[in-house]
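This briefing covers a sheet, a helix pair and a pocket. Please read it beside the structure.

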Amino acid sequence: MVHHVDTTNPETVRKVVSSKTAMVLLETPTNPLVKIVDIPSIATIVHNANPAARVVVDNTMLSPLLQNPLDLGADIVYESGTKYLSGHHDLMAGVMAINDPALGDKLYFWINSAGCGLSPFDSWLLLRGVKTLSVRMEKQQANALRIATFLESHGFKVRYPGLKSHPQYDLHWSMARGAGAVLSFETGDVHVSERIVESARLWAISVSFGCVNSLISMPCRMSHASIDEKTRKERNMPEDIIRLCVGIEDAEDLVDDLSRALVQAGAVHITPDGFRALGAGQTLGEDSEQGETSKAASTPSSE
């Protein structure tokens, strides 16, 4: 039996785990809502219920450079090597880390038996990418904070753990050494969001993240379109949300291109002092499912 629960609240996990629980799967920050999961608390809850249960964490959003779930109580950590570890989107790979050698041997046996290990060349590409992980992440994080600050200062509702306005800012920094380079923001209108994505030029439209190039997408129309609208609404996923995966380009070039896209899409009020987001002044999450739900229902979904 599989339970889908809000893992950002450890108490919801406590309600469903038992001595029969075999595995709990976590991701933090979550994608694309950028919520934070309390790994140590949940690991303690799960292991108290069943010491043999495995706590598995998808750490792709931060990479091992910024967060190490094994040190926080997790049993297995996996990363998409295609993302930050590679950094160039020129291979498909996955990496697992285990703190139990016996469990590692079991997983290795199945990987080796199934023949799904990386080719020598892909392994070389991945090792090459890891060599530049630190310098890439430093630049991408700096750019992401610049973009997040820019959007928030102009009245947009921004989800990024590098901003002190993030409701789980303290929890995130108790576990991680950085905020990563993925953020999302809301416009209040799904059609405006579509026009922003279409108007961007430096930001390529793609569902991936973690490479040196900056990417933009609408999760509800792309990466999460396979989740039906009713479920998206139940999980409080705004239909208008835009995800930005920030690369290593010049930060001001990215800001300029995003500014032009916002203006061109009609997402802002132009004033003598600059511009402000339509609906500026709302708090994060306010009206995120109101108003746009009926519009989204008549808009065809297409990650």
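The notes below go from the conventions to the sheet, the helices and the pocket.

This is a predicted model, in which local features need pLDDT of at least 70, side-chain atom pairs count only at pLDDT 80 or more, and totals for chains, interfaces and linings use all residues. Residues are numbered from 1 along each chain as its sequence is written, and side-chain values use heavy atoms, leaving out hydrogens and water.

**Sheet**
- Five strands form an open sheet with mixed pairing, in the order E5-E6-E9-E8-E7; strands (E, at least two residues) and helices (H or I, at least four) are DSSP runs numbered from the N terminus, and two strands pair if DSSP finds at least two bridges between them.
- Strands E5 (157-159) and E7 (204-205) are at the edges with a single partner strand each, so one side of each has no neighbour in the sheet.
- E7 runs parallel to E8 (residues 215-217), joined by 2 bridges, and alanine 204 is opposite leucine 215 in E8.

**Helices**
- The axes of H6 and H10 (residues 251-264) come within 10 Å and cross at roughly 35°; axes are lines fitted to C-alpha atoms, for helices over the stretch in contact, and angles run from 0 to 180 degrees between N-to-C directions.
- Residues in contact (heavy atoms within 4.5 Å) include Phe150 and Leu151 of H6, and Leu254 and Leu258 of H10.

**Pocket**
- Strand E4 (94-98) and helix H4 (101-114) each supply at least two residues of the lining of the second largest pocket; lining residues have an atom within 4 Å of a point on a 1 Å grid, and a pocket is an open set of points where a 1.4 Å probe fits, with protein on both sides within 12 Å along at least five of seven lines.
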